[in-house]
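Me: I'd like to talk through this structure with you before I go any further. Could you take my questions as they come?

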Amino acid sequence: MELGAGGMRRSASHTSLSESDDFDLSRLLNKPRINVERQRSFDDRSLSDVSYSGGHARGGGGFDGMYSPGGGLRSLVGTPASSALHSFEPHPIVGDAWEALRRSLVFFRGQPLGTIAAYDHASEEVLNYDQVFVRDFVPSAMAFLMNGEPEIVKNFLLKTVLLQGWEKKVDRFKLGEGAMPASFKVLHDDKKGTDTLHADFGESAIGRVAPVDSGFWWIILLRAYTKSTGDLTLAEKPECQKAMRLILSLCLSEGFDTFPTLLCADGCCMIDRRMGVYGYPIEIQSLFFMALRCALLMLKHDAEGKDFVERIATRLHALSYHMRSYFWLDFQQLNDIYRYKTEEYSHTAVNKFNVIPDSIPDWLFDFMPCQGGFFVGNVSPARMDFRWFALGNMIAIVSSLATPEQSMAIMDLIEERWEELIGEMPLKICYPAIENHEWRIVTGCDPKNTRWSYHNGGSWPVLLWLLTAASIKTGRPQIARRAIDLAERRLLKDGWPEYYDGKLGKYVGKQARKFQTWSIAGYLVAKMLLEDPSHLGMIALEEDKAMKPVLRRSASWTN
Ligand code: GLC
């Protein structure tokens, strides 16, 4: 067993993970510093935050030092290793956050296995907030990994594989083998002294939607674990290889699609209720792209894996082209759409999806800055959902689905539209809210998703970790710093709410849970990322030079 440049053990079947991935990421580490010098708006404080690496146990802050056995730091109680390792004083709420995060731990047969969604005893109805949600656990897992506590993440990854193996049925209909649960629960029987698991694949969920994002998050987390610990043996296990293949079979299967994007039902991701996010929602497309790239780094090129490796490469190529060309919107593109002709037939059509210019909402003309842009919410025949969705855009940056120019433009947009997208609490899940008649039609009169509340334009602190990762990746950590400062003023005082309401995100959400775990973990991850940007390596993927560079949009629309 030989240790690779990034602390990864090399193995013949994993050349991609141990070599090219490390290579990419070692370059990534230098990126913020290089960019830091270019940034005009950089203040001294954020500069020292970004380049800080002294006195850290990981050694020099380089990727070479990423593999840290942790030793005594792995305990699940006590001081967070991350702040103990730094010479500067952590913000006073960091300690409270760690305490609250540890309180949300769920144990299975004595082993920590995950974190419950919310530890809110004051709330009258628990619903399913006492469960471990796969997507909610991701920021918790990142926090534990960054703190040198990978065991819980490993347990989680292995147990969810077992759950995936269950037969899943909604009424009499059997779900695909690869489906991963939205959430699960540990049932303790005190009398018998036994622990059993109960998982929900959508058959109990409100709306009965299977979570398409769970499998993607699982793959992304497996790669984060591998990257952070240097332990390749987990990803190499036959059960993990099989789990990846099963997830991929579900989304790479051939059908009637004319687009490389993934078709799905409303509410199959973080926005898990009807919100007009059916079809080809950006959140799923970005996660799909990222999971494909992570899987490509971890899949063995053996008899069973080889075929998938080829299919992934082909899909990634088509998917990045499609997303970068057709989902991208900036001032120029908006102006082009505004002047579109419609009803064009044949492959020479410029307006390929027959978007009717009248369908461009009024708010967008004012919202779109001269500098900046974003991936729109959805693109399908005659339907462009022009709303901004935070998660999809942030994942597009960290996964390098967005080109470097597009990533910069997204961050420009956030700065230009700070009041709308960040306001008083980071970060709007989507913008703008839908109201009145449109709200009735799109949400089915959902009383939880009223305008500027919850999924309909609410502000979700959990998104802070992704904003921070994207800010660091684009060399603009001052954006994260500003957002974290805002969050720190309120989060602890308000009891770590799930979301905030209102145009500016000023009010604690109407039905927001308190002590929402991913609000807590998201904050901690954001803090640790800023303190030590080398952590970005476990989250972000550097641009894949092999992926064909995007054609200029104008060219792609005319050929
Ligand atoms: C809400 C969110 C969903 C989250 C769940 C548990 O349903 O929409 O994304 O996973 O709560 O926190």
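**Working through the model**

Reply: Trp452 has its place in the loop between α17 and α18 (464–473), and its phi is near 60 degrees, a positive value in a residue other than glycine. Please keep in mind throughout that this is a predicted model.

Me: Is Trp452 buried or exposed?
Reply: Trp452 is buried, with a relative accessible area of 10%.

Me: OK, and which residue comes with a positive phi after α14?
Reply: That is Ser400, which follows α14 and has a phi near 65 degrees. Ser400 lies in the loop between α14 and α15, and with a relative accessible area of 2% Ser400 is buried.

Me: What about α14 itself, how many of its residues are buried?
Reply: Nine of the nine residues of helix α14 (residues 390–398) are buried, so the helix is largely enclosed by the rest of the structure.

Me: Stepping back, how much can I trust the coordinates? What is the average pLDDT of the chain?
Reply: The chain averages a pLDDT of 85, and 81% of the residues score at least 70. Over residues 1–79, however, the pLDDT is below 50, although this stretch has 159 contacts in the model beyond near neighbours in sequence. Where pLDDT is low, the predicted coordinates should not be read in detail. Residues 83–87 also stay under 50, and for them the model has nine contacts beyond four places in sequence.

Me: Fine, I'll be careful there. How many helices and strands are there in the chain?
Reply: There are 22 helices and 13 strands in the chain, and of its 559 residues 62% count as buried. Among contacts between residues at least 6 apart in sequence, 72% join residues at least 24 apart. The chain exposes about 22,300 Å², of which carbon and sulfur atoms supply 53%.

Me: And the largest nonpolar core, which residues touch the most other members?
Reply: That core has 169 residues, and Met142, Trp218, Trp388, Ile414, Leu467 and Tyr523 are the ones that touch the most other members. Helix α10 (residues 282–298) supplies the largest share of the core, 12 residues. In soluble globular proteins, nonpolar side chains tend to be buried together.

Me: Pick Trp218 then. What does Trp218 touch?
Reply: Not counting residues up to four places away in sequence, Trp218 touches Leu157, Thr160, Val161, Met180, Cys240, Ala243, Met244 and Ile247.

Me: Switching to the ligand, which residues surround the ligand?
Reply: The ligand is surrounded by Ala117, Tyr129, Phe133, Arg135, Asp136, Met270, Asp272, Tyr454, His455, Glu498, Gln516 and Trp518.

Me: Where do the polar side-chain atoms of His455 come in?
Reply: A polar side-chain atom of His455 lies 2.6 Å from an oxygen atom of the ligand. For Asp136, an N or O atom in the side chain is 2.5 Å from a ligand oxygen atom, and for Tyr454 a polar side-chain atom lies 3.4 Å from an oxygen atom of the ligand. On its own the ligand has 310 Å² of accessible area, and the protein covers 96% of that.

Me: Last topic, cis peptides. What is omega for the bond from Pro426 to Leu427?
Reply: That bond is cis, with omega near 15 degrees, and Leu427 sits in the loop between α16 (418–421) and β11 (430–431). The peptide bond from Tyr431 to Pro432 is cis as well, with omega near -5 degrees, and Pro432 is found in the loop between β11 and α17 (436–443).

Methods: Residues are numbered from 1 along each chain as its sequence is written. This is a predicted model: local features need pLDDT of at least 70, side-chain atom pairs count only at pLDDT 80 or more; totals for chains, interfaces and linings use all residues. Side-chain values use heavy atoms; hydrogens and water are left out. A nonpolar core is a set of buried Ala, Val, Leu, Ile, Met, Phe, Trp, Tyr and Cys residues joined through side-chain atoms within 4.5 Å. Buried means under 20% relative accessible area, exposed over 50%, partly exposed in between (1.4 Å probe, protein chains only). Helices (H or I, at least four residues) and strands (E, at least two) are DSSP runs, numbered from the N terminus. Contact means heavy atoms within 4.5 Å. pLDDT is the predictor's confidence in each residue, from 0 to 100. A residue is near a molecule or strand if one of its heavy atoms lies within 4 Å of it. A polar contact is a pair of N or O atoms within 3.5 Å; within protein, one must be able to donate a hydrogen and the other to accept it, and residues adjacent in sequence count only if both atoms are side-chain atoms. Accessible areas come from the Shrake-Rupley method with a 1.4 Å probe; for residues, only the protein chains shown count as cover.
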